[in-house]
Amino acid sequence: MKEVFWRFAQVEQGRGIWTSFWSDVWIEGRCLADEFPRVAAAAELPNSRVADILNFVGDRIFWDLPLKVNLRGGAERERVNLMNLLDSLPSSSFPAGPERLRWNPSPASGFSVKSMFQQLAIERFPREANFPHKVIWQQIVPSKVCIFMWMVYHKKIATVDNLKRKGWCLANRCALCEADEETVDHIFCQCNFAVEIWNILRNFVDIGDIRANVTDIAETLRTWPVSTPENSKQWCTRIALHAYCWTVWLERNSRTFNDEKIPQRVIVYKIGRAIHSWLTAGKKVDVFDAGTWLITMKNRLFPNTVFFGPA
Ligand SMILES: [Zn+2]
């Protein structure tokens with residue numbers, strides 16, 4: 001555990017009040033007792049702190065290292081080398097005050113068990129490092145859809161490539177475009193059929209290009225706007241990715257398991273209906289009249305069609 005701790009922490013040098021002169025690592029990753037064993041063995045005070053040996057005169061430093069015996073030969077050469085090393089250290093290496101522990105993950109708030117646990121979790125599961133909590137867990141979206149989006153992010157939904165990895169023997173063909181292999185990224189970001197749905201949806205919702213710079217749905221989620229929406233029009237954008245992925249996935253399932261297909265414009269309208277119902281249930285309807293928006297959407301998607309009854 002000690003090694004783990006020091007991977008994230010370091011000592012900020014002070015005057016050496018807490019640092020053991022011989023056994024701590026305090027000069028360029030060197031332990032003096034290991035490098036100068038004969039001098040260490042002769043030290044009068046083997047448990048000295050750096051501050052016991054370091055002396056300041058004005059802003060200049062000198063080292064006072066009392067020994068039990070006078071050294072000779074190789075041991076004396078070792079002592080001279082050690083003194084040369086110490087004399088090469090500038091006084092600025094020892095700012096006034098005690099050493100401080102710097103906890104690199106959060107230098108301002110310092111060490112906490114929670115912070116250490118988070119660091120270990122990030123090392124173990126690197127995808128969690130930038131996990132877009134605020135984008136995936138949305139209060140106004142049904143929890144089953146949020147869980148689905150969590151699975152999409154982790155590429156855990158039951159696409160054909162995932163099932164094959166688990167040992168299923170299946171032909172891998174995307175049920176939407178019927179051309180390419182089905183993967184999580186393909187279905188939502190790369191599939192020509194799905195991207196066309198997204199592009200039609202862009203006529204009605206303020207969303208960017210799903211294929212702009214990214215072909216990875218996890219990256220799309222990580223870069224989705226996180227600021228809290230100020231009105232229902234912004235809410236509409238905020239939840240559009242959920243509505244799109246969920247509706248496209250339902251269509252994929254209906255094609256895969258029931259062999260039932262509906263055209264893209266109808267899928268776009270279903271996305272609009274999902275957005276409308278989530279906004280309404282979440283009471284996010286204000287200046288932006290979601291009902292009028294949905295009717296406009298319907299009229300533009302299906303011109304020359306007369307509708308009766310509610311949307
Ligand atoms: Zn496809």
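1. Helices here are DSSP runs of H or I with at least four residues, and they are numbered from the N terminus. Residues are numbered from 1 along each chain as its sequence is written. The model is a predicted one, in which local features need pLDDT of at least 70 and side-chain atom pairs count only at pLDDT 80 or more, while totals for chains, interfaces and linings use all residues.

2. Helix α8, which spans residues 143–153, has among its residues Val 145, Phe 148, Met 149, Val 152 and Tyr 153 as buried ones (buried: 20 or more other C-beta atoms within 10 Å of the residue's own; exposed: 12 or fewer; partly exposed: in between; C-beta atoms are placed from the backbone).

3. After α8 comes Lys 155, and the phi of Lys 155 is positive, near 55°.

4. Glu 178, in the loop between α9 (160–165) and α10, is a residue other than glycine with a positive phi, near 55°. Glu 178 counts as exposed because it has 10 C-beta neighbours inside 10 Å.

5. Asp 259 lies in the loop between α13 and α14 (264–281), and its phi is likewise positive, near 55°, in a residue other than glycine. With 8 other C-beta atoms within 10 Å, Asp 259 is exposed.

Terms used:
Helices (H or I, at least four residues) and strands (E, at least two) are DSSP runs, numbered from the N terminus.
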